[in-house]
Amino acid sequence: MDYRKFLMEKLHFKWPYPVRYEEETREECDVLVIGGGLAGSFAAINAAKKGASVIVTDKGAIVRSGCAGSGIDHWSSIHTAPCSKISPDEMLERTEPDPFKPEFCRYIAMRESFDAALELESYGMCIRDEKDEFVGAPFRDEETKLMFAYDYENKHTLRLPGGEQMKPVLFREMNRLGIKMFDRVTTTMLLTEGGKQGGRVIGACGVNTRTGEFYVFRAKAVILTTAKPLRLWEFATELVGANAAHDDPNNAGDGDVMAWRAGAKLMMMDRSHSSPAGRRYPAYLTGNRSNTWWPCTIVDANGKEIPWQDRDGKILKTVEDRTKLAEGQEMFAGGMGGYKTYMPGLISDLADRIRSGEYKMPFYADLTSMPDHERRVIFGIMLGNEGKTKVPVVETLRNSGFDPEKDMLQANVLPPKYMGSNQPWWGVMQEGISGPNIRELAFSNGGGLVVDWSMKSTLEGLYAAGNQVAGLSGASNAASTGRYAGRNAAVYAKSVGFPAASEDQIAEEKKRIYSFVQRQEGYGWKEIQLGLCRIMQDYCGDVRSGEVMEMGLWWLQSIHDNELSRAVAANPHDLGKILDVATRLAVDQIVINQSLARKGSSKAMGSVRLDYPEDVDDCGFYQTLRLENNEVVVEELPYFYWRDEGNCRDAYEKHCCL
Amino acid sequence: MYNAFFVSSPITPNECITFDKTKCTGCNTCVDSCRGDVLMPNPEGGEPIVMYPDECWYCGVCVSDCPVGACTLNHPINQRITWKRKATGEIFRVNYCYMDRKPEE
């Protein structure tokens, strides 16, 4: 008798929730939002304000789900704020267009990001220095009490003193507006008109992972706002916990796979990078000077300060100098690289100077020597409101006795070349340490749905926002495109009726879902997930070629037909996990198909083909993928396709539904 | 008196969330805030069961949302970091659960 069977027979406990496998609830609404994170919440609220009846589903708990569930410390692109010195149109002119980030979505954010922040404030979230704790600080606007990060001169990134409460505040507002919310519902399939691939999207099916109950949601319009898929190349909860190896464990790629099966166009789905492969530390919990810790002083083991330099290599003498533009520089743009917008960093030859013995490791983040306002804003406002920092970082350190006025937090020890790099040290990609083939699908600016200026996908009735959109990431982008998609979907919903759902399509999905709870023995979800990761490591890793990837597809289909069809779920939670694995298997298939479609290598996507070594990033078009009669169709779509609608200002005003 | 039990090996890591039994009222707020259903309501009432510790994302929402401060988040041992007191050069480290040695306030 295997141990699992033994435990199930002798030691099992009764499931704490009612079990309602196969029982069905049917709901109807104008706009269905799948994924109740930041983009989904803003989409739901703004669709409801346009008069639509709205339902939101989420596989987690909407009050705290999504990337922003435990907070956000800063809010980008607030170009319409009263003190911001760069307008949306000026910003657009000043930044180099990147074909792999949807610039029109960024423009939408530049127009609406500050309005989204004001929305949060109106729902009860603090966005200003209301307690006057930072009067006189160089990053504070004395009139509005708004506080800015990174570019103190141009003021286009807002610090959020109440960001930790963002999701609870949005949740309360959704309740107030009468939006129906379904927690713990993994949505597995989009309903299409007549059950046909490529038809209008008219709702979705899902299953509750506490009760096992089946849901059918009929809707006039659907907005997909789920996150990007993760855990594709590596899965190892036992190595470091689900924390350090991955972002949100719920991120399976549900939205991408549902859209794929329905026949929508996806692109950039193979965008990946090398992964810290289970050696990461909790974000922000090691000494560091990037991102939320910016611009913290770093000292070496003997307390010797590591100098900072500007983009031209000029050594910066004071902490305040790190927040000032270089001579002739127009602006900083957090996260956006390039000489034009380059933010100061540690000296560029640091690695050599560590090797020569000039600086000794380990290094420490020295908050004690920072000016008081910078120390308090880093350890308290930024750390404390950013995702996974209030409890995992600030409370953890304080409860252990750490005092930012007295103590210096150690930076994790890394090879010298990484200590000189500009990445946050806790998550440095340690290629070469854990093996060459460990990758992670890009969470920032990764692949997703192709959308137009209405945030509509290539299918009628289907919209997307936030992380769901190919190339898009970031909190303020999620909120802004969520608002915009919510309005567009609500307007569309008013113009159309309710087509009948295909009962065959529903019955087939029901059969697939409950097959996993009908057997007593079989594979657990973890072993299958681990097996899928091996296929991705071997057949779609750093060494890619047509034949190898075709074999990968064969393997995936074989696991689908054999091991996955023998997977067993002991309860509705387990069922949700198996459905996630099935989703990841489909994502793997999409990723390999995407890499196969490009007859070339792509630096931007992190895809190197041995059989097509030439880099084709400057070819001027994407390869989009979609299913037609369950066959993969590859098409070309020009970079900047959204420019067909004219300039951003005109196109925005035409489609914004305000 | 010793007892031995026939159970599977502990999941790793297995101490992600701990409860102060004297404070926990069994209200299950943490159960309903957790995105991953790592916590399950205790059929016998009282503190929830940390049923799926290996699926914990260490977001700390259970701790943030606990109305009575009964819940503690513990990073796995291989995720703990050190710090140095600048004035004395003494080294301390993260582990607020069992370690007696804390810097003097």
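**Ground rules.** I am working from a predicted model, in which local features need pLDDT of at least 70 and side-chain atom pairs count only at pLDDT 80 or more, while totals for chains, interfaces and linings use all residues. Residues are numbered from 1 along each chain as its sequence is written, and chains are lettered from A and ligands numbered from 1 in the order in which they are written.

**Chain contact.** I looked up the contact and found 41 residues from chain B and 48 residues from chain A, where two residues are in contact if their C-beta atoms, placed from the backbone, lie within 7 Å.

Which strands form the open sheet, and in what order? I read five, in the order S11(A)-S15(A)-S16(A)-S5(B)-S6(B), with antiparallel pairing; two strands pair if DSSP finds at least two bridges between them. S11(A) and S6(B) stand at the edges with a single partner strand each, so one side of each has no neighbour in the sheet. Three bridges join S16(A) to S5(B), and the partner of Leu409(A) in S5(B) is Trp83(B). Two bridges join S15(A) to S16(A), where I found Tyr364(A) opposite Gln410(A).

**Helix H15(A).** I listed Gly552(A), Leu556(A) and Ile559(A) as the buried residues of H15(A), buried meaning 20 or more other C-beta atoms within 10 Å of a residue's own and exposed 12 or fewer, with C-beta atoms placed from the backbone. Seen down the axis they fall within an arc of 65°, so they line one face of the helix; the arc is that of the directions from the helix axis to the C-beta atoms. They pack against H14 and H16 of chain A, whereas the exposed residues on the other side include Glu547(A) and Trp554(A).

**Trp57(B).** Is Trp57(B) buried or exposed? I count it as buried, because it has 24 C-beta neighbours inside 10 Å. Trp57(B) sits in the loop between S3 and H2 of chain B, and its C-alpha is 8.8 Å from that of Arg35(B), 22 residues apart along the chain.

Key. Helices (H or I, at least four residues) and strands (E, at least two) are DSSP runs, numbered from the N terminus.
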